[in-house]
Amino acid sequence: MNHFAYLFERFPSFGQTFCYREVAELGRQGITPPIFSIRNPTGEPPQDWDPHIVERVRYLPGEKELLEDVQRASKKHKLTPEIVASLDEWSRRTDFLRLYQAVYIGMRLQEMGIRHVHAHFAGMAARTAFWIQKFFAITFSFTAHANDIFAPRNFEIGLDHLVNAAHAIVTETDFAAQFLRERFPNCARRVRRIYNGLNLAEFRRPEFSSTPPLILAIGRLIPKKGFADLIRACGLLAERGTSFHCEIIGEGPLKEELCDEVDQLNLQSRITFSGSQPQREIRRRLAAANVFVLPSIVDSEGGSDNLPTVIMEAMATGLPIVSTNVGGIPEMVIQNETGFLVQPGDISALAQAIEKLVNNRSLAEKLGQTGYERALRLFSIENNVRELCAVIL
């Protein structure tokens, strides 16, 4: 019997593989909750999604069909007067679609006998779940990630409403859990830290044999990832005569700007942009690398990384990590044990840390092995999904 349902803004999505892995592991443990997705992912690179999981996803209709469905339910007196009044009031306010989505999903959850919904991110899905609880007395919880709590957007049902109403608030790191407990002390007991998980058996071990040594970076080409700092650090390495090649996997709005930076520093033969890649190719490139680098920063709007999945994947491969002391990254990357941490924006220190690893294979192997052992302890998808079930079921 399914005791809860999932609600996502979009699922499955290339940029949120941690959500897919969570759903897949629940299935391996014999738990197959219904999955609702507000949007259908489009324009994403092909992935090896399990068709049995994709077939379970119930995508919500578009706005016109959604409104007509809810209006039909209202005419048939399937909605309480309170729901009808709220729909009428919010029809003239922002985010009104969340109420209609809540009615659409809530009626179907009632038919299924489901009494709890879990969402990922304190965003569109969680705001819809908020209204599901209000209209149908179906409790909700959500997993908070990064910008959704560090730099939340200004909605009438904001982060404070979600935290106060949720049955449980899960987040990925001790850093984020403490952030939420301090901001919402009355809700502190309902905040739980559960790391995202990986199926570590999927990842190959590195050979550290690339010639020249391969510096690998993966992430959306957006300010908080700090890729401009990585390019400048590569410029310093080139000036020193260090042998290396840097590959950056990902797409995003800064692509043209970053390419211009590469041209200005005359690094066209040293840095490659590979675009978005399917998971199998990402695992292959990780195994070919000598060091993984993610120079995260806090962007101008306060957005920052929390628990970057790509660092977890690099540790699961057995690569040493060079990153920054932003968000929950220091909970993964232990200085001089699993890699090196530098201050955000310190390009000189970033270059020095990378240089130590590309010039010292034995050090890279040692730090990578320690990181792999840490990943085994902290990021087992099997254990972490069991923890999640204990919180939300």
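Five nonpolar, five polar and eight charged residues make up the lining of the second largest pocket in this predicted model. That pocket has a volume of about 360 Å³, and of its 18 lining residues, Y20, A24, D48, W49 and E202 sit nearest the centre. Helix 1 (17-28), helix 2 (51-54) and helix 12 (279-288) are the elements that each give two or more residues to the lining.

Turning to the packing, nonpolar side chains tend to be buried together in soluble globular proteins. Here, the largest nonpolar core takes in 62 residues, and I215, L230, I248 and F292 have the most contacts inside it. Take L230: setting aside neighbours within four places in sequence, this residue is in contact with I215, A217, C246, I248, V293, P295, L350 and I354. There is also a second, separate core, this one with 54 residues, including A5, L7, I157 and I169.

As for the chain as a whole, 16 helices and 13 strands are found, and 56% of the 393 residues count as buried. Among contacts with a separation of 6 or more, 75% come from residues 24 or more positions apart. The C-alpha trace spans about 75 × 40 × 40 Å along its principal axes. Even so, the radius of gyration is 22 Å, which agrees with the value near 21 Å for a compact globule, because that is what would go with 393 residues.

Definitions and conventions. Residues are numbered from 1 along each chain as its sequence is written. This is a predicted model: local features need pLDDT of at least 70, side-chain atom pairs count only at pLDDT 80 or more; totals for chains, interfaces and linings use all residues. Side-chain values use heavy atoms; hydrogens and water are left out. A nonpolar core is a set of buried Ala, Val, Leu, Ile, Met, Phe, Trp, Tyr and Cys residues joined through side-chain atoms within 4.5 Å. Buried means under 20% relative accessible area, exposed over 50%, partly exposed in between (1.4 Å probe, protein chains only). Contact means heavy atoms within 4.5 Å. On a 1 Å grid over the protein atoms alone, a cavity is a set of points where a 1.4 Å probe fits but cannot get out, and a pocket is an open set with protein on both sides within 12 Å along at least five of seven lines; lining residues have an atom within 4 Å of a point. Grid points are joined across faces, edges and corners, and a volume is the space filled by probe spheres set on the points. Helices (H or I, at least four residues) and strands (E, at least two) are DSSP runs, numbered from the N terminus. Ala, Val, Leu, Ile, Met, Phe, Trp, Tyr, Cys and Pro count as nonpolar, Asp, Glu, Lys and Arg as charged, and the others, Gly among them, as polar. The radius of gyration is taken over C-alpha atoms; the globule rule is 2.2 Å times the number of residues to the power 0.38.
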